[in-house]
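I opened the notebook with the structure on screen. These are my entries, in the order I looked things up.

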Amino acid sequence: MRGERAQKKPVRVRFAPSPTGFLHIGGLRTALYNFLFARKHGGTFILRIEDTDRTRAVPGGVENIIQTLTWAGLQYDEGPFLDGENGKQTLYEKGNCGPYIQSMRLPTYKTHVEELLRKGSAYRCFCTPERLEEMRQAQMARKEPTMYDGRCKKLSGEECKAALQQGTPFVIRLNVPEEGSTEFVDRIHGEVRFKNRLIDDQVLLKSDGFPTYHLANVVDDHLMRITHVIRGEEWLPSTPKHLLLYRAFGWEPPEFAHLPLLLNADRSKLSKRQGDVAVEDYAKKGYLPDALVNFVALLGWNPGSDREVYSLKELAAAFSLPRVNKSGAVFNVEKLDWMNGYYIRQLKPGDLVRQALPYLLHAELIRKEGKRYMAHENGEELLMKKLETVLVVEQERIVRLGDIPHMTEFFFRLPPPTPDLIPWKDTPLSVTKERLERLSELLSSLPTKAFTEKELEKRIKAWLEERKFGTGEVLWPMRVALTGRAASPGPFAVAAALGKEEVLRRIARAAKSIASHG
RNA sequence: GGCCCCGUCGUCUAGCCUGGUCUAGGACAUUGGCUUUUCAAGCCAAGUACACGGGUUCAAAUCCCGUCGGGGCUACCA
């Protein structure tokens, strides 16, 4: 058996989420590592939906996972896909090992669990939930490990038949051997060993006829010819049960690799309540998929170099299981912010606009502005041009695309007057007012086409020099007059984006507000 | 409680397998500086870590043992 592995089967890996309504950020990383491993080895990456818990099924959960994986750029080869553009979307499947949605495979699990029953590797258990609960309480009180006591294992054929005839509800449990131990070599953790005596007789088939994770997972991984199970570390303790199942079926188990957990700041398993855990939350806030993926890739894995910025393709080329860390990694949003900002800074103007557009269009203000533009003949083009100008001006300080509407507001709407902010350091109000008026004269004498960042800077600085005006005492009030803010891009860039007419309007208004203020 | 996993700056990590080149490297964050009309970006600099104890060895972050600490699992959830 072992020797056959040397033939090197083609790599097949899978991401197997539960459709609980959204894709967890930890799930994204698991999916990513599977994806990278598949790409690295020219293998197949499969999406399988594990929806065997009817109580937790969420409508639209499958679609949401597919959409999120697509958003992240993790293209899978087999599994359920989404079709249809506008409005109606339908699910279809691709691949030869489906269906890839477990609730559609119920008969498969049933025939397999019957095989185990015949072989004596599993047995029916008629114990009530109440008895099980009592049993656990008693075990806890005695400080014993809490596990099934095997009562129904000892049932005679007749007793079993009788219970069946009476229609007593039952589950099917794995018959775990009393003696020996189950061990395996984890690709990340190395050798791990469990005493069989301490492995519970796991439920395989629930009383509603649905399989548990353990059964469905093993049957599907085998049938889908999965070669490497790459999953979260929370599954490490149940791996011996899975191994026992492979053995009971007479199947060769895949390789296992258990990924370190993603952690909250307090080092507990990453969970809601301490921040966002849904990938779509990050998408909504305006994190770029490439940045999120890059960041998450480096949480628990590193390429062994100081480099930190990698495209998906580069990640796939560099990826290797031995370089995955053993210990959990805190999800540190501050570093994500840095990386997202970095990615945004690298964007070409056209791409920046394309990526930012959805966020801009959500903003009330810009929608209104858009309508105004659309009234013109080539309004759309003009609007795009304006948006690009504004975005390029702000580009180096954008951290999340979702912040754009707020930070660019003053480009589209006259900011509220801020007379207290206008004077530079201890420049007297009267001087500030006078400087603004002189500046206004200069600006109105300038041709419209001089309103570019470079040209304005050149002309205004020369004028400052000539008049022996201080840069701060003019440029600070100018910038505040234009933006209404203590922090903003520089006055030349803003003035260029605003255009001559609007600049003059705002400066005049600021000067006036000083007059009425003082 | 039981079982399992883990333990290098605040955080992500390099180094550990194949002891010396580690007075422990990089990144984010922080602080200071430069630039300067603010913010941002950029550049420069600073501080901060081998959990603890015991071995082995000429030499240990690196190998061994123990302690402590953290986490995960312990469902007819996945």
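Entry 1: Helices (H or I, at least four residues) and strands (E, at least two) are DSSP runs, numbered from the N terminus. Arg225 has a positive phi of about 55 degrees, although it is not a glycine. Most residues other than glycine have a negative phi. Arg225 is partly exposed, with 14 other C-beta atoms within 10 Å. My cut-offs: a residue is buried with 20 or more other C-beta atoms within 10 Å of its own, exposed with 12 or fewer, and partly exposed in between, the C-beta atoms being placed from the backbone.

This is a predicted model, so I noted its limits: local features need pLDDT of at least 70, side-chain atom pairs count only at pLDDT 80 or more, and totals for chains, interfaces and linings use all residues. Residues are numbered from 1 along each chain as its sequence is written, while chains are lettered from A and ligands numbered from 1 in the order in which they are written.

Next I checked Lys143, in the loop between helix H4 (129–141) and helix H5 (157–165). Lys143 also is not a glycine, and has a positive phi of about 60 degrees. Is Lys143 buried or exposed? Lys143 is exposed, because it has 6 other C-beta atoms within 10 Å.

Then I turned to a peptide bond. From Gly98 to Pro99 it is cis, with omega near 0 degrees. Most peptide bonds are trans. Pro99 lies in the loop between strand S4 (90–94) and helix H3 (106–119).

**Entry 2: helix H12.** I tested the length of H12 (residues 349–362). The expected span is 1.5 Å times one less than the number of residues. For its 14 residues that should be 20 Å, and the end C-alpha atoms are 20 Å apart, which agrees. Where does H12 bend? H12 bends by about 45 degrees at Ala356, and Pro358 follows within four residues. The bend is the angle between axes fitted to the seven residues ending there and the seven starting there.

Leu352, Ala356 and Leu360 of H12 are buried. An α-helix has 3.6 residues a turn, so residues three or four places apart point the same way. The cover over the buried residues of H12 includes helices H13 (364–374), H14 (379–394) and H15 (404–407).

**Entry 3: Val393.** I found Val393 in helix H14. Val393 counts as buried because it has 21 C-beta neighbours inside 10 Å. Beyond its neighbours within four places in sequence, Val393 is in contact (C-beta atoms, placed from the backbone, within 7 Å) with Pro489, Ala493, Val494 and Ala497. I also checked Gly499, 106 residues from Val393 along the chain; their C-alpha atoms are separated by 14 Å.

**Entry 4: RNA strand B.** How many residues surround RNA strand B? I have 65, and the closest are Glu50, Ser327, Arg397, Thr471 and Gly490. Near means a C-beta atom, placed from the backbone, within 6 Å. The largest share of this surface, five residues, comes from H19.

**Entry 5: chain A overall.** I noted 21 helices and 13 strands in chain A. The C-alpha trace spans about 105 × 50 × 45 Å along its principal axes. Buried residues make up 32% of the 518 residues in chain A. Among contacts in chain A between residues at least 6 apart in sequence, 75% join residues at least 24 apart.

How values were computed
Contact = placed C-beta atoms within 7 Å.
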